[in-house]
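My notes are below, in the order I looked things up.

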Amino acid sequence: MDIQIRALTKTFKGNVRALRGFDLEIPTGMFGLLGPNGAGKTTLMRVLAGVVHATSGSVRVGTLEVGTSQGRTAVKRILGYLPQELRLYPDLKGAEFLDYIAILKGLNDRKRRRARVSELLATVGLDDVAKRPLKTYSGGMKRRVGIAQALLNDPRLLIVDEPTAGLDPDERIRFRNLLVSLAGDRLVLLSTHIVEDIAQTSHRVAVLAAGRVAFDGTTVELAIAAKGKVWSLDTDGAAPTGDLVVVSAASTRAESRYPVVGDAAPNGAQPVEPTLDDGYVAVMRPHRAA
């Protein structure tokens, strides 16, 4: 199953254009959607999930047209969705919450429902805390509950929006590994502004900027987008400015080292091989200038 997007636009009240007309094909497997806050990622996720209707253009999930009422209903049957903000019931226990959501999703057979809840609690590594109230869970544990609820209907399409935001490093690694393990023969769409999340999970990635697709390809190709534009500059002065983008900084007592992205090497800089971060910065430079 794949997703085909054609000339997609979404304009909100006040002529706020969140999506500005673009084409994108998303294949089965793990796919990363990368971009800064405000790029249109969440709007796109909500259009795909049938929560928001596009202003124009078309979206096809497999053979299903998301632009029709019948198509949206059919997509929701094969969809698992973890929004950026998932509201939980803090006084419910983990197993109770999932049982409740399963009922809402139409899993009416009590025996099968509870077996599915137990299976997913084990899948996300929460079976040992299933009887604890959700208010006692850590941020990472709550995100794993979110994934479990999204998987209750064994979806062919799984959409997760900024799932690792605010998590500590251990929980972020655990969550990324979980997402990769879930891909298999389903389509998992990971939306994030964190480049490392894409680097550790996805082979294919699209970069959104100001409601448009700024890049579509493999993570290797995204890094190559900065080829010949990345420099390492050692200086005992201030960070370089001008038409350069400073990617990071490392300091010693004597001097600071700045990997920078630009069209021409600053004085005293040495060329270096680009990373995925560099590629993302290179792709986003024209949009920052705009």
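**Notebook: pocket, hairpin, one glycine**

I started with where the lining of the largest pocket comes from: helix H2 (69-77) and strand S7 (79-82) each give at least two residues to it. I'm keeping in mind that this is a predicted model.

Arg-46, Ala-49 and Val-51 are on the list, then Lys-76, Arg-77, Leu-79, Tyr-81, Pro-83 and Leu-86, and finally Lys-105, Gln-149 and Asn-153. I sorted these lining residues by type and got 6 nonpolar, 2 polar and 4 charged. For the volume of this largest pocket I noted about 400 Å³.

Then I moved on to the strands. How many bridges join S10 to S11? I found 6, with S10 covering residues 204-209, S11 covering residues 212-218, and the two running antiparallel. I looked up Ala-209 too, and its bridge partner in S11 is Arg-212. The hairpin of S10 and S11 has 2 residues between the strands, and there I noted that Ala-210 takes a positive phi near 50°.

Last, I checked Gly-139, which sits in helix H5 (residues 139-150). Buried, exposed or partly exposed? Gly-139 has 43% relative accessibility, so I put it down as partly exposed; the exposed class would need over 50%. I also looked at Gly-139 against Gly-166: they are 27 residues apart along the chain, and their C-alpha atoms are separated by 7.7 Å.

How values were computed. Residues numbered from 1 in each chain as written. Predicted model: local features only at pLDDT ≥ 70, side-chain atom pairs only at ≥ 80, totals over all residues. Heavy atoms only, no water. Helix = DSSP H or I, 4+ residues; strand = E, 2+ residues; numbered from the N terminus. Buried < 20%, exposed > 50% of the residue type's maximum accessible area, 1.4 Å probe, protein only. 1 Å grid on protein atoms, 1.4 Å probe; cavity = no way out; pocket = protein on both sides within 12 Å on 5 of 7 lines; lining within 4 Å. Points joined across faces, edges and corners; volume = space filled by probe spheres on them. Nonpolar A, V, L, I, M, F, W, Y, C, P; charged D, E, K, R; others polar. Pairing = 2+ DSSP bridges.
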